[in-house]
Every structure is written in structure tokens, then in C-alpha cells.
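Could you walk me through this structure in my viewer, one selection at a time? I would like to know what to pick next and what I will find there.

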Amino acid sequence: MKSKKTFNKSICCIGAGYIGGPTMAAIADHNHDRKVIVVDINKARIDAWNSDKMPIFEPGLDEVVKRRRGKNLFFSTDIDGAIKQCDIIFVGVNTPTKTFGRGAGCASDLQYWEATARNIVKVANRDKIVVEKSTLPVRTAEAMERILSNHPKFHFEVLSNPEFLAEGTAVKDLEAPDRVLIGGHQTPRGKAAIKALAEVYAAWVPKEKILTTNLWSAELSKLAANAMLAQRISSVNSLSALCEATEADIDQVAKAIGMDSRIGPKFLKTGPGFGGSCFKKDILNLVYICENYGLKEVADYWRQVVLINDYQQERMVAGIIKTMFNTLANKKLAVFGFAFKANTSDTRESPAIAITKLLAAERAQIVITDPEALGHVSGDLGELAANVETTEDPYEAAKGADAIILLTEWEQYKALDYKKLYKAMRKPAFLFDGRNILNHVELKSIGFEVKGIGKP
Ligand code: UDX
Ligand code: ADP
């Protein structure tokens, strides 16, 4: 008789979002002997994970989920049941920037995290390893440990295992990460927990890429990595303004400096500024922490990265107004791309939101087109959405438009029939390439008035 399949060291993840869902799918895909349960309070989200249409658009994710779902990967709203079954509990609930009280606009709102920690204490039936997966302020683990240590019988060992995946390439990043970082206490219990978690990743990640540190270094490393990446973008965007003033070309400058092996070529692409759920939130969080520790100069240094990002968006809109004869009133503007970058449906902190708002304040008529992200337009623009049209068809969006404003670097925008678009537009037909991805020489020969970023 076949023996009943038993799972050793089951794993659960509380929070089925952009991080929890893909990460657990990858873990399940490489650990067939482990049961992996992803739970969330949001039933609609769980239903979507269990359906044919994933709640997030992520290339390659469908296949991984479908491969393991119902075998060793499960999505459920039974949070308490999952906590009881599992020895390793990842926490991937959201930690948005606080919008109220002390630290509003900067500090992380930890209410979901704390509610989760209290729930773990309430329902746990044996010792557990609790893994911080959400990006958290440094020393959050300390607060969590205080809540978790309130149990008379069981011990909860806290680890920090920040996720470095980028949206749009989540599956690829999880499959071949630059590193897996695990922070924990350097005590016998802490070391045993680190080892247990490292084993999960060692199923597919080479040992030398699994880096273990103390808890605080792991927490800070995530904030620091995002701050350094965002700083590169603000640096290149600040130089794009100088390029426009001096007739230098930012793409040429970026290529030249990127060939210096100490600098490297990645993350030097100018654009409408960085978006996404992490960069702004994490930098503001870093700023808040620095201020709390009395490090004003350090806080000011990092705050400037966010200020330059806002400046880039204002600068771009000012350029559009100036080019279009100092008025946008009643002009039809076709915004190409609403997602914060290509290959994702995510629009959190998308530069398109701020730019659309600034354009709408000029009383322009706006049509937004995007292949994946239109579902977020009404939520992101609030009252303004009533005056904004949307269409998945870029040709429809450009019909009768005075300008195309390209904000997301979708591959399909490179392959559009620009002669057809030009014909359908009002003349002069303006094209603002906010990502510098189109062939400007060719567009000019069609008849477009083209403006890129940081271009002479
Ligand atoms: C980022 C980090 O890359 C990832 O490691 C972390 O786990 C989460 O935050 P993500 O926000 O998904 O990932 O996307 P990313 O590819 O980093 O892009 C962030 C923003 O920067 C996007 O708006 C993108 O368009 C912009 N960007 C990126 C540029 O403007 N220029 C570049 O050269 C690179
Ligand atoms: P991230 O990008 O960090 O993954 P998301 O916002 O995409 O963040 O996902 C966080 C998920 O956490 C959401 O689906 C949300 O419903 C879920 N969540 C928040 N609080 C709780 C909680 N107390 N218990 C379970 N899930 C929660």
C-alpha cells in the first residue's frame, strides 16, 4: 500500500501580495516535500490565486502556480489553521507609509504587522520560526519579539529574510537571485532557525549566495539596497536636466559612465522618475529612522533622492506645457502607459499618477492607455478619474490627440505603427518620449515634434 504523503516542515506565508505570492510559489516549486500555504484576509485575492486569472500580472508566474497549486501549494483564508500547521511562518503583510499621527508621510505603518504577530501568539500550538518578509524599519524585529515573547509555553524565533525581487521579473529574480539574505540572532536557537530557513532556499540557490547576518544588518540591508538603487535613478535624472541645458545627451552620458566597471551600466536609465511600492516608501523610512537617531545630515542626504524624483515629474510637465505653446487647456493628451514600469499591472507610486494630475490641473483632456494597468486608474486618480478616459487601444487613444506622452516603457509601444498614429492626430502632433525608447529620428521624419528626456 502506498504510504500517505507527509510534509516535513510545512511553511506558510501571511499576506498573499506581490511578494508573498510569487516567493511562496518559487519555494513550493523547488521543495516538493514541503507543504506551502499562502493565506490572506482578503478573500477576493485568495479566490484569484485559486482561479485561472492571477491577482497580479507577472510574466511566468501562472505556470509556476499552476504547476504546484493543489499539490504542495495552497491559497487560503484560514490564517489560524495555517499558523497551527506550519513551523516556518513568513509574514508578508503590507507596511505602507503612515498617513496619520507621528511620522506621517515617512514612518512605516506597522499595524498589520503587529496584528499578525499578536495573532501568531494567540493561535500557535508549538514553537515557530517567524520570518520578516515585508520591508520593515530597522529594529522592527525587536518590537515583534516583545509581542511574540508573551507566550507562556512556546518560543518564537524571529528572522529577517528581505525579498529583493523586482516586479515584472519576479519569477526570474526568484529563480536566480543575486543573493538570499537571512538575518537572525547569533544564539544557538537563532543559528538553528537560520539553518532551517537556509535549507529551504538551498533546494535551488547555490550555497555561496545564501548570506547570513545578524538581524539588524538584514533589516537595514533591504532599506539600503533600495535607497542606493533609487539614488542612482535620481542622480541620472538630475543630470538629464543639465543635459537639456547644455546640449549633452543623457543616454550617451549614461553609457559613458556605465562603462566604468566601478559604476556599472544598470539602473542608469533616465525617465519620469521611479515609482513602485518600495523605493519612495523605503527612503522615507530611512529618513525617518535617521532623524530618530539624531542623524539630520544623513536624513537630508537621502530625502533629496525623493525630492529630485518629484522635481523630474514637475520638470517633465513644465516642458510639455512650454513646448505646446504654453497652454494645455482643452487639448487632448494621450498618455501611453500607466504602470510604474513595463511588465507589471502595478501602479503604486507610478509617475503616471502624479503627471496625469499635473496635466489635468492644466485642464487638458486626458486619455490613458495601458495593456495591463487600466484597472487601477479610477482608484489612483480619485475624483479626477471621472474626467479621464481610458482605452486599451493606443490607436484609439491617439485619435484626434494633440500629443502622445509615453510614460511606461512597454515593449509594444516600440512596435506601434507611428505613421498611422500621426495621421490620426491633430497637427502639430507632439510626442513626448518619457522613457527615451523610441527612434526619434524616424519619428521626426514622419512629422512628429519629438521631445525625449535629457536630449539636445
Ligand atoms: C525595486 C527593487 O529593484 C527590488 O530589489 C526591491 O525588492 C523592490 O523595489 P521594483 O520597484 O519592482 O523593485 O522595480 P525596479 O525595477 O527597481 O524599478 C523601480 C522604478 O525605477 C520603476 O519606476 C522604474 O521605471 C524606475 N527605473 C529603474 C528607472 O527610472 N531607471 C532605471 O534605470 C531603473
Ligand atoms: P507586498 O507588495 O509587500 O507584497 P501587498 O500589498 O501586495 O504587499 O500585499 C500584502 C497583503 O497582505 C495584502 O493582500 C493584504 O490583504 C494582506 N494582509 C494585510 N494584513 C493582513 C493580516 N492581518 N492577515 C493576513 N493578511 C493580511
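This is a predicted model: local features need pLDDT of at least 70, side-chain atom pairs count only at pLDDT 80 or more; totals for chains, interfaces and linings use all residues.

Is the crossing of α11 and α12 left-handed or right-handed?

**Stop 1: the α11 and α12 pair.** Highlight residues 279-292 for helix α11 and residues 296-323 for helix α12. Their crossing is left-handed. The two helices pack with their axes 8 Å apart, at an angle of about 165 degrees. An angle over 145 degrees counts as roughly antiparallel, and α11 and α12 are therefore roughly antiparallel to each other. Now show the side chains where they meet: α11 brings Lys280, Ile283, Leu284, Leu286, Val287, Cys290 and Glu291. From α12, look for Lys296, Val298, Ala299, Trp302, Arg303, Val305 and Val306.

**Stop 2: the α1 and α3 pair.** Next, select residues 20-30, which form helix α1, and residues 61-68, which form helix α3. Here the axes lie 9 Å apart and the packing angle is about 50 degrees. That makes α1 oblique to α3. The contact involves Pro22, Ala25, Ala26, Ala28 and Asp29 on α1, together with Leu61, Val64, Val65, Arg67 and Arg68 on α3. As α1 passes α3, the crossing is left-handed.

**Stop 3: the two domains.** Zoom out and colour the chain by its domain assignment: domain 1 covers 11-213 and domain 2 covers 215-456. Their C-alpha centres are 31 Å apart. Where they touch, 29 residues of domain 1 are in contact with 27 residues of domain 2. On the domain 1 side, select α6 (140-148) and β7 (180-183), the elements that each give two or more residues to the side touching domain 2. The largest share of that side comes from β7, with 3 residues.

**Stop 4: the nonpolar cores.** Which residues have the most contacts inside the largest nonpolar core? Select Leu333, Ala334, Val335, Ile404 and Ile405 to see them; the core has 68 residues. Domain 1 and domain 2 each supply at least three residues to this core. A second, separate core has 57 residues, and Cys13, Ala16, Phe156 and Val158 are among them. In soluble globular proteins, nonpolar side chains tend to be buried together.

**Last stop: Ile404.** Centre the view on Ile404 and show what surrounds this residue. Setting aside neighbours within four places in sequence, Ile404 is in contact with Ala334, Phe336, Ala398, Leu421 and Leu431. You have already met Ala334, which is listed with Ile404 among the residues with the most contacts inside the largest core.

Notes. Residues are numbered from 1 along each chain as its sequence is written. Chains are lettered from A and ligands numbered from 1 in the order in which they are written. A nonpolar core is a set of buried Ala, Val, Leu, Ile, Met, Phe, Trp, Tyr and Cys residues joined through C-beta atoms within 7 Å. A residue is buried if 20 or more other C-beta atoms lie within 10 Å of its own, exposed if 12 or fewer, and partly exposed in between; C-beta atoms are placed from the backbone. Domain bounds come from an automatic or database domain assignment. Two residues are in contact if their C-beta atoms, placed from the backbone, lie within 7 Å. Axes are lines fitted to C-alpha atoms, for helices over the stretch in contact, and angles run from 0 to 180 degrees between N-to-C directions. Helices (H or I, at least four residues) and strands (E, at least two) are DSSP runs, numbered from the N terminus. Angles under 35 degrees count as roughly parallel, over 145 as roughly antiparallel, 65 to 115 as roughly perpendicular and the rest as oblique. A crossing is left-handed if the near helix is turned anticlockwise from the far one by less than a right angle, and right-handed if clockwise.
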